[in-house]
Amino acid sequence: MFGNVMAIERALGTGIIISSSVPIPQCVEQRIRAFVEEYERTLSRFRADSLVSRMACAKAGGDFEFPSWAQPLFAIYDEFYAATYGAFDACVGADLLALGYDNSVKFVPESASSVSEDSASWSKYHRALPVTWSDISRDSGGTTLHTSHSVQLDFGAAGKGYFVDLVTQIIKDELGGETSANSDFPADFDFLVNAGGDMRACFSEENSRIKVALENPFDATQAVGVASIANGALCASSTARRRWKVKDANCLTDNAFESNLIATHLINALDGVPSQKLSASWTYVPAKTCVFPTAYADALATALFISQESDLQKIVQTTGAEFAVMLPNRAACQVRKTSTFPARFFTE
């Protein structure tokens, strides 16, 4: 199905792989690579020259104008922030930095960790209340963010999925897709955009599907199931990949350093503590239900960790999303899923 591969190493911190039924022309690849640079220069908190980093350094705040393509991303954060009562928040970047998630972080795999991670281990955590998404103002439908002090934003909860959608649109615009009657590109052009496991499949035939292994959050060398996805997006979140030992005693009351304290990137913005309610989540959003299916699938995969499923039902229904979650029981590998989530789990 996909005999051609284009790869951009280290893009967005994970790398991007575009698999296609015919080769991607060099001019299209160049446009995608240029957009990677623009996207990171705007949203990456790991780049000192990014717009997000400038906001973090502006002690008195200011007006920060983002590109027009950022408006739908801001709207998605508005939607999830409201649905989760503030648990899903782009301002969580301050918490991630306080816990040590910066350019020097060294991740610890789930299988290599034998430390205790119960809720009591976070009892000494002291968090300064950060700025919230609702504290940042912007004009209706605009992309200029107005702040009165420094803000550390992190768009990791939906940004990678949103990027996949924008790259998908670039490919469709350049290679004909649904709009170019004069394109020399074949009508049966199929492709898959994969950014670190956040993926969107685009098929010319409605019944076409691709099978994707679902990684075991307790053992990355194994799969717990296989998904079969059609035109749409599949995203996942897990406590296994981005885990690190908290190294800064200043974030603990009385400077009481706990060497066994493990953090993950799945932060609940209401208390600043990494969520421990799930081990993994998988979400599928069909392309026909919304303009940015990968962004919604990415955001939903995170939101399931930090919010109640009932709070997310409106978003789930609007986007036609299906999802599955794995509970944090290593021995039982308990999975709960919606009735039509397109995957078979080996425990079923």
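The questions and answers that follow go from the whole chain to single pairs of residues.

Modeller: Please keep in mind that this is a predicted model, in which local features need pLDDT of at least 70, side-chain atom pairs count only at pLDDT 80 or more, and totals for chains, interfaces and linings use all residues. Residues are numbered from 1 along each chain as its sequence is written, and side-chain values use heavy atoms, with hydrogens and water left out.

Colleague: How many helices and strands are there in the chain?

Modeller: Both kinds of element are DSSP runs numbered from the N terminus, a helix being H or I with at least four residues and a strand being E with at least two. Counted in that way, the chain has seven helices and 17 strands.

Colleague: What percentage of the 348 residues in the chain is buried?

Modeller: A residue is called buried under 20% relative accessible area, exposed over 50%, and partly exposed in between, with a 1.4 Å probe and protein chains only. By that rule the buried share of the 348 residues is 53%.

Colleague: Is Cys57 buried or exposed, and how many disulfides does a search of the whole structure find?

Modeller: The relative accessibility of Cys57 is 62%, so Cys57 counts as exposed, whereas Cys202, at 6%, is buried. A disulfide would be a pair of cysteine sulfur atoms within 2.5 Å. In the whole structure, the number of disulfides found is zero.

Colleague: Which residue forms a salt bridge with Asp154?

Modeller: A salt bridge here is a side-chain nitrogen of Lys or Arg within 4 Å of a carboxyl oxygen of Asp or Glu, and the closest N and O atoms of this pair are 2.5 Å apart. The pair links distant parts of the chain, 109 residues apart, with Asp154 in the loop between strand S4 (144-147) and helix H5 (159-174) and its partner in the loop between helix H1 (26-43) and helix H2 (51-57). Asp154 is buried at 13% relative accessibility, and its partner, buried at 11%, is Arg45.

Colleague: Where does Arg336, which meets Glu309 in a salt bridge, lie?

Modeller: The N to O distance between Arg336 and Glu309 is 2.6 Å. Glu309 belongs to the loop between helix H6 (293-306) and helix H7 (313-319), so the pair ties together parts 27 residues apart in sequence. Arg336 is partly exposed at 39%, and lies in strand S16 (residues 335-337).
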